[in-house]
Amino acid sequence: REHALLLKSRFRAVTLSDVLAADTSKDRRPIVALTVDDGYEDFYRFAYPVLRELDVPATIFVTTGFIDGKLHLWPDEVHALLQHADAGTKELGGIWQGMRITLGSKQERERAWHQLADQLVYAPQFTRAQGIADLEKSLGLKISSLDMSPYAPMSWTQVRELHDAGFEIGDHTYSHPCLALLEGADLEREIQTSKALLEAKLGTPVRSFAYP
């Protein structure tokens, strides 16, 4: 709320598409576009009511496979495994090649998350999948047995409500890969198929795209 009030007091808040069409002839305040990635349900619960009340629109870039309930985002899978693992120092196998992490306090678990996630940011999808499988094996856990509700996506109904309230909905690929590593049919699925799904669900053209 404090952040939104500060923006509103100093800028004219608009959607990202509105930036391109902004008419400053009557309102000479600088403009600002607030953007949010991925489409987590906690945005709908906590941020959306405040932004709607204060008339501060945002552009929400949604990962359509995540919204469609077909997948979890890989950083959340890594995070959930580390949060649920038993305390202690762990030596990881597989692609982690004997890396040692310490899991005890909240700070240690967050540090371990950054340590592992940083190595997967620019990795291809099969490497990410293998890294998560190796982490499951090293920690003796399975993603399928964990409570993933803290990482829940918005529903399509919630996404449509945002759209109807004047928030812009943009595309953020289907599964949030490192897009620079894809080509051919995989690239088409992530961009074109995702855009088509989003437009079918919203019933309107989707103009904006955030590159993962």
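This is a predicted model: local features need pLDDT of at least 70, side-chain atom pairs count only at pLDDT 80 or more; totals for chains, interfaces and linings use all residues.

**Entry: two helices.** I began with helix 8 (residues 156–164) and helix 9 (residues 184–202), whose axes come within 10 Å and cross at roughly 75 degrees. Angles from 65 to 115 degrees count as roughly perpendicular, so helix 8 and helix 9 are roughly perpendicular to each other. Next I listed who makes the contact: helix 8 brings Trp 156, Val 159, Arg 160 and His 163, while helix 9 brings Leu 197, Leu 198, Lys 201 and Leu 202. Sorted by class, this contact has five nonpolar, one polar and two charged residues.

**Entry: the whole protein.** I then stepped back for an overview. I get nine helices and seven strands for the secondary structure. The C-alpha trace spans about 60 × 40 × 30 Å along its principal axes. Of the 212 residues, 42% are buried. I also looked at contacts between residues at least 6 apart in sequence, and 68% of them join residues at least 24 apart.

**Entry: aromatic pairs.** How many aromatic pairs does the structure hold? I find three. In one of them, the rings of Tyr 40 and Phe 66 have centres 5.2 Å apart and planes at 70 degrees, so I put the pair down as edge-to-face. Tyr 40 is in the loop between strand 3 (35–38) and helix 3 (41–54), Phe 66 is in helix 4 (residues 64–67), and the two are 26 residues apart, so this pair links distant parts of the chain. Phe 66 has 1% relative accessibility, so I count Phe 66 as buried.

Another pair is Tyr 48 with Phe 167: their ring centres are 5.3 Å apart and their planes are at 80 degrees, so this pair is edge-to-face. Tyr 48 belongs to helix 3 and Phe 167 to the loop between helix 8 and strand 7 (168–171), so the pair ties together parts 119 residues apart in sequence. Are Tyr 48 and Phe 167 buried or exposed? Both are buried. I also noted that ring pairs link Tyr 44, Tyr 48 and Phe 167 into a cluster. Tyr 48 has a charge to go with its ring: the charged end of Arg 52 sits over the ring, 4.6 Å from its centre.

**Entry: Thr 15.** I found Thr 15 in the loop between strand 1 (12–14) and helix 2 (16–20). Its relative accessible area is 7%, so Thr 15 is buried. What does Thr 15 contact, leaving aside its neighbours within four places in sequence? My list reads Ala 33, Pro 57, Ala 58, Thr 59, Gly 166 and Glu 168.

**Entry: helix 5.** Helix 5 (residues 74–84) is mostly covered, with eight of its eleven residues buried. Those are Trp 74, Asp 76, Glu 77, Val 78, His 79, Ala 80, Leu 81 and Leu 82. I checked what they pack against, and it is strand 6 (100–103), helix 6 (106–120) and helix 7 (125–139).

**Entry: positive phi.** Most residues other than glycine have a negative phi. Asp 38 has a positive one, near 90 degrees. I placed Asp 38 in strand 3, and its 13% relative accessibility means that Asp 38 counts as buried. His 176 also has a positive phi, near 60 degrees, and I located His 176 in the loop between strand 7 and helix 9.

Notes: Residues are numbered from 1 along each chain as its sequence is written. Side-chain values use heavy atoms; hydrogens and water are left out. Axes are lines fitted to C-alpha atoms, for helices over the stretch in contact, and angles run from 0 to 180 degrees between N-to-C directions. Helices (H or I, at least four residues) and strands (E, at least two) are DSSP runs, numbered from the N terminus. Angles under 35 degrees count as roughly parallel, over 145 as roughly antiparallel, 65 to 115 as roughly perpendicular and the rest as oblique. Contact means heavy atoms within 4.5 Å. Ala, Val, Leu, Ile, Met, Phe, Trp, Tyr, Cys and Pro count as nonpolar, Asp, Glu, Lys and Arg as charged, and the others, Gly among them, as polar. Rings of Phe, Tyr and Trp (its six-membered ring) pair if their centres lie within 6.5 Å; planes under 30 degrees apart count as stacked, over 60 as edge-to-face and the rest as tilted. Buried means under 20% relative accessible area, exposed over 50%, partly exposed in between (1.4 Å probe, protein chains only). A charge sits over a ring if NZ of Lys or CZ of Arg is within 6 Å of the ring centre and within 35 degrees of the ring normal.
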